[in-house]
Amino acid sequence: MLLRVRVTLPDRPGALGQVARTLGVAGADIVQVVVLERLGGRAVDDFTVVWPGASRVERLRAGLAAIPGVQVDGVWRAIGAPVSGGHDAELLAQVAANPTDGLATLVDAVPGLLAANWAVAAVVPADWAARSGSAPRAFAGDGPGLSGGEPAVAYASWRAPDPLVLPEVTPLRARALAGPDKTRFAVAPFGRAGLVLMVARGEAEGLPAAAFHVTEVDRIAQLVRAAAVILGDRLDLVTAPSAISRS
């Protein structure tokens with residue numbers, strides 16, 4: 001199976017090689033390495049590895065944790081290897097080529113770009129979090145929409161659970177959130193009438209996913225801003241209850 005392994009390690013010569021050797025000794029076949037951050041003598045790296053299904057992941061975590069200065073931030077099941085920023089431009093070109101389905105195209109593609117599980121575009125009232133407190137809320141795509149002052153699903157990717165249980169969020173800025181059931185979210189607003197994109201990583205087979213890194217949140221926010229410019233007034237139609245649908 002394909003795993004994503006996120007580690008924080010000393011930013012010094014040999015540290016990356018030591019992590020790579022430990023992964024190899026544990027039985028992992030490295031297919032990709034992504035450097036998320038280098039700051040203050042520390043680095044955050046994502047390894048995408050092929051892991052033998054019969055082997056216990058605890059062995060992998062223990063081997064990495066035994067390396068001096070290395071911290072395991074998360075090990076989770078990946079759908080595929082994350083793709084580079086060059087694919088972002090290709091995605092936006094697809095959105096521009098078919099703006100009628102532009103929002104659906106974006107929502108379906110983003111999880112694959114960031115090795116996430118699913119995504120959803122939701123219409124969220126500006127005061128939702130302030131009114132409803134911190135408890136998670138479940139809602140479906142055929143809800144009342146903004147006319148009733150409640151959140152509604154505009155579009156959900158095919159792996160999204162039903163019913164959806166999302167964290168409380170006011171659509172003001174892009175950020176990472178911890179949601180229910182150890183689900184990790186990255187949220188970015190479109191800047192139009194409470195429409196937000198939520199990208200999720202969930203726990204699977206006892207493997208808790210790492211939180212979205214600030215570079216991943218920034219990448220999602222840039223995609224959302226660009227899509228908002230491309231789609232323009234079409235996004236205002238999405239917020240109408242009559243236009244809300246569930247894939």
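Does Thr183 count as buried or exposed, and at what relative accessibility? In this predicted model, Thr183 has a relative accessibility of 11% and therefore counts as buried, the cut-off being under 20%. The residue sits in the loop that links strand E9 (175–178) with strand E10 (184–189). Once the neighbours within four places in sequence are set aside, the contacts of Thr183 are Leu177, Ala178, Ala200, Arg201 and Gly202.

The chain has 247 residues, and 47% of them count as buried. Its secondary structure consists of 7 helices and 11 strands. Among contacts with a separation of 6 or more, 69% are made by residues 24 or more positions apart. The accessible surface comes to about 11,000 Å², and carbon and sulfur atoms supply 54% of that area.

Ala200 belongs to strand E11 and stands opposite Trp118. E5 (residues 118–123) and E11 (residues 195–201) run antiparallel and are joined by 6 bridges. E5 also runs antiparallel to strand E7 (residues 152–156), with 4 bridges between them. In that pairing, Val123 has Ala152 of E7 as its bridge partner.

How many of the residues of E5 are buried? The count is 6 of the 6, so the strand is largely enclosed by the rest of the structure. In a regular strand, side chains alternate between the two faces of the sheet. For E5, both faces are covered, with Trp118, Val120 and Ala122 buried on one side and Ala119, Ala121 and Val123 buried on the other.

Another part of the chain holds an open sheet of 4 strands, paired in the antiparallel sense and ordered E2-E3-E1-E4. Its edges are formed by strand E2 (29–39) and strand E4 (71–77), each of which pairs on one side only. From one strand to the next, the twist averages 15°. Strands of a sheet pair through backbone hydrogen bonds. Here E2 and strand E3 (residues 42–50) are antiparallel partners over 9 bridges, and Leu39 stands opposite Arg42 of E3.

Helix H2 (residues 57–65) lies across strand E1 (2–10) and E4, and runs at about 160° to E4. H2 also meets helix H1 (residues 15–26): the two axes come within 9 Å and cross at roughly 150°. H1 and H2 are therefore roughly antiparallel to each other, and their crossing is right-handed. On the H1 side, the contact is made by Val19, Thr22, Leu23, Val25 and Ala26, while H2 contributes Arg59, Leu60, Gly63 and Leu64.

A further helix pair is formed by H4 (residues 102–113) and H6 (residues 214–231), which pack at an angle of about 165° with their axes 11 Å apart. The angle makes H4 roughly antiparallel to H6. The crossing of H4 and H6 is right-handed. Here the contact is made by Gly102, Leu103, Leu106, Val110 and Leu113 of H4, together with Arg219, Leu223, Ala227 and Leu231 of H6.

Definitions and conventions: Residues numbered from 1 in each chain as written. Predicted model: local features only at pLDDT ≥ 70, side-chain atom pairs only at ≥ 80, totals over all residues. Heavy atoms only, no water. Pairing = 2+ DSSP bridges. Helix = DSSP H or I, 4+ residues; strand = E, 2+ residues; numbered from the N terminus. Axes fitted to C-alpha atoms, helices over the stretch in contact; angles between N-to-C directions. Contact = heavy atoms within 4.5 Å. Buried < 20%, exposed > 50% of the residue type's maximum accessible area, 1.4 Å probe, protein only. Areas by Shrake-Rupley, 256 points an atom, 1.4 Å probe, with all protein chains shown as cover. Parallel < 35°, antiparallel > 145°, perpendicular 65-115°, else oblique. Left-handed = near helix turned anticlockwise from the far one by under 90°.
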